[in-house]
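Visitor: I would like to go through this model and ask what the terms used for it rest on.
Guide: Here it is.

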Amino acid sequence: MKNYKTINFRSIFLLSLACTLMMGCEREFSEDVEFASFPPNGDVFLDTFSAGLNYFPFVDAGADPEAFSVDTDEAFEGEASMRFDVPAFGNGFVGAAFNTTARRDLSGFDALTFYAKASQAASINSIGYGISGETNNKFQVTANNLNVSTRWEKYVIPIPDPSKLINETGLFWLSEGASFEGDEGGYVLWLDEVKFEKLGTVAQPRPAILDGADVEQEGFLGIPLQIGGLTQTFNTASGNVTVLAQPSYFDFESSNNSVATVNGLGTVSIIGRGEATISATLANVAASGSLSLTVENSFDFAPTPPERDPADVISIFSEAYTNVAVDYFNGFFTPDGQTTQGGAPPLDLNGDRIINYTDLNFVGIGFFDEVAPINATEMTTLHVDIKVNESLQPGDFIRLQLLNAVGSGNETSGSVTFNADTFTTNQWVSLDIPLADFTGLGNRTQLGLLFFITDSTVSNIFVDNIYFYR
C-alpha cells in the first residue's frame with residue numbers, strides 16, 4: 001500500500017471585490033449588464049503548453065523540480081509529450097501543478113482526458129486538476145492509484161459538476177513517487193494529449209459523503225466537525241470512475257439548524273442541543289451517506305497538566321509539552337487478534353487532540369521503528385489521562401504495558417493493571433504510575449511501545465496527556 005503525500009499550498013490572497021471598501025459600489029446593476037466570461041478552451045498540453053500554462057513543482061514538499069521535461073522523442077500523437085522521471089525510493093518524488101494565467105470556462109466539458117504510458121507498469125499515486133492558490137483549491141479533483149502500462153492508453157477523470165468551473169486556472173496536477181524500499185520507482189511516465197473534453201459518455205452520477213456510510217455519533221457544543229469521504233462516481237465508456245471531490249462541489253443541508261449548521265466547505269458547527277442530520281446533493285443528485293448527530297453536552301476535555309520544567313518531561317502525546325516523534329498511535333497488530341479501531345489520526349477538537357479507541361482489546365503506541373526509542377532512565381513516573389465512555393462492570397480492567405528494546409532479542413516488559421473501581425463512566429481519571437511499578441521492565445533506556453489492554457468489556461475510551469516525568 002502506498003503512503004500518499006499530502007501537499008499543502010499557501011493561500012494567495014487577492015482583492016476579490018473593491019466594492020467592500022467603496023461607497024460607489026452600492027448601486028445596483030442594470031438587468032441588461034453582461035458580465036465578462038472566459039474562453040471555453042480545454043487544451044492543457046498537446047505538442048506544447050497551451051496559452052498561459054506554467055509549471056509549478058511542489059518543491060516545498062520535497063518534489064524534484066527537474067523531474068519534468070518535454071520529450072520530443074516520444075509522443076502518442078504529434079511531436080512531443082510530457083515526461084516525468086519518477087525517482088527511486090529516497091530521492092524525492094514527482095509533484096507539480098500546471099496552472100494558467102489565461103482563465104478558462106470549463107463548464108462545457110465533462111472530463112479531463114489524456115493518454116499515458118510508462119517504462120514499466122506503475123500506479124500513479126494522485127492525479128487530477130483544480131489546484132489553485134487563488135481559490136484555496138476550491139474545486140480540486142483527485143484520482144488515486146491510476147494504473148498505467150507500457151503502452152499508450154486513454155484515461156478519463158470526470159468533472160463532478162461542470163457548471164462550477166467557469167473561472168479556472170488549475171488545469172492539471174500529479175504526485176507520484178516510491179513510498180518504501182521495493183516500491184515502484186526509477187521509471188519514466190509520459191502523458192500526451194492532455195485536455196478537457198465533452199465526451200457525452202460520462203453518465204449515471206453517484207455522489208457520496210462519508211464514503212456513502214450513514215454515520216451516527218455524538219456531537220458536542222462548540223466542537224466543529226468536518227464532513228469527509230467526498231466522492232463522485234460516474235459510468236464512463238471504460239467503466240466506473242470514482243474521484244475525490246472538494247466540498248465546494250456539494251450542497252450541504254442540516255435537518256435542524258438550531259442544533260447544527262453546515263457551510264459550503266463541509267464544516268459542521270454545533271450550536272445547540274438536540275438531534276440533526278447532515279446530508280448533501282451534488283448537481284441536484286442526492287449523495288449517499290449522512291451524519292446523524294445527537295448533541296447533549298459540551299465536550300469534556302482532559303485536565304490541564306501542571307507546568308513542569310521541560311527538562312523533567314518526555315511527552316508522547318500532550319498539548320502541554322513538546323512531544324517526541326511517534327511511529328503510530330494504533331499499530332494494528334491484526335495477526336495477533338487485535339480488534340481496536342481509532343487512534344490514527346487522533347481527533348482534533350479545535351486544536352486540542354484526543355485519542356479515541358473503540359472496539360478496544362489491545363493497542364500499541366509505538367516509538368521505536370522509524371523514530372528513536374525513549375530513554376526514560378531519569379524519569380520516575382508515567383502520567384496518562386483516561387476517560388471510559390461506557391458503563392463499567394465488576395471485573396473490568398485496563399492494563400498499561402511498557403516494552404523496552406523492542407525486537408532486539410533482549411526485550412523486557414512490565415505492566416500495571418487498574419480495575420473498574422479506578423474509573424468512573426464518562427469522567428476523566430488521571431493516572432500517575434511510578435515506573436518502578438512496571439515489574440519486569442527493568443532497563444528503561446530503549447522504551448519503544450506502550451500498550452493499552454482490556455478484556456474487550458471496556459471497549460471505548462478517550463486517552464490524553466501521555467508523558468513521563470520526574
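**Cavity, pocket, sheet**

Guide: The largest cavity holds about 30 Å³ of space. The model is a predicted one.

Visitor: Why is this space called a cavity?
Guide: The term is used because a 1.4 Å probe fits there but cannot get out. One cavity of 30 Å³ or more is found in the structure.

Visitor: Which residues line the largest cavity?
Guide: The lining is made up of Arg103, Ser132, Glu134, Thr135, Asn167, Glu168 and Thr169.

Visitor: How many residues of that lining are nonpolar, polar and charged?
Guide: There are no nonpolar residues, four polar ones and three charged ones. Asp, Glu, Lys and Arg count as charged, and the lining includes Arg103, Glu134 and Glu168.

Visitor: What makes a pocket something other than a cavity?
Guide: A pocket is an open set of points, whereas from a cavity the probe cannot get out. The largest pocket has a volume of about 1100 Å³. Gln217, Glu218, Leu347, Asn356 and Phe462 are the closest to its centre among the 32 residues that line this pocket.

Visitor: Which element gives the largest share of the lining of the largest pocket?
Guide: Strand 13 does, with five residues. Strand 13 spans 214-221, and the other elements that give two or more residues are strand 14 (225-226), strand 22 (290-298), strand 25 (347-349) and strand 26 (352-358). By type, the lining of the largest pocket divides into 16 nonpolar, twelve polar and four charged residues.

Visitor: How do you know that strand 8 and strand 16 pair?
Guide: Pairing needs at least two bridges. Strand 8 (residues 141-148) and strand 16 (residues 239-245) are joined over two bridges in the antiparallel sense, so they count as paired. Val141 stands opposite Ala245 in strand 16.

Visitor: What is the order of the strands in the open sheet of eight?
Guide: The order is 2-5-10-7-8-16-15-12, with antiparallel pairing. Strand 2 (53-57) and strand 12 (203-208) are called edge strands because each pairs on one side only. On average, neighbouring strands of this sheet are turned by 25° against each other, direction ignored.

Visitor: Why is Ser248 called buried?
Guide: Ser248 has a relative accessible area of 10%. Buried means under 20%, so Ser248 falls in that class. Ser248 lies in the loop between strand 16 and strand 17 (251-254).

Visitor: Which residues is Ser248 in contact with, leaving aside its neighbours within four places in sequence?
Guide: Ser248 is in contact with Lys138, Phe139, Lys164, Gly264 and Leu265.

Note on methods: Residues are numbered from 1 along each chain as its sequence is written. This is a predicted model: local features need pLDDT of at least 70, side-chain atom pairs count only at pLDDT 80 or more; totals for chains, interfaces and linings use all residues. Side-chain values use heavy atoms; hydrogens and water are left out. On a 1 Å grid over the protein atoms alone, a cavity is a set of points where a 1.4 Å probe fits but cannot get out, and a pocket is an open set with protein on both sides within 12 Å along at least five of seven lines; lining residues have an atom within 4 Å of a point. Grid points are joined across faces, edges and corners, and a volume is the space filled by probe spheres set on the points. Helices (H or I, at least four residues) and strands (E, at least two) are DSSP runs, numbered from the N terminus. Axes are lines fitted to C-alpha atoms, for helices over the stretch in contact, and angles run from 0 to 180 degrees between N-to-C directions. Buried means under 20% relative accessible area, exposed over 50%, partly exposed in between (1.4 Å probe, protein chains only). Contact means heavy atoms within 4.5 Å.
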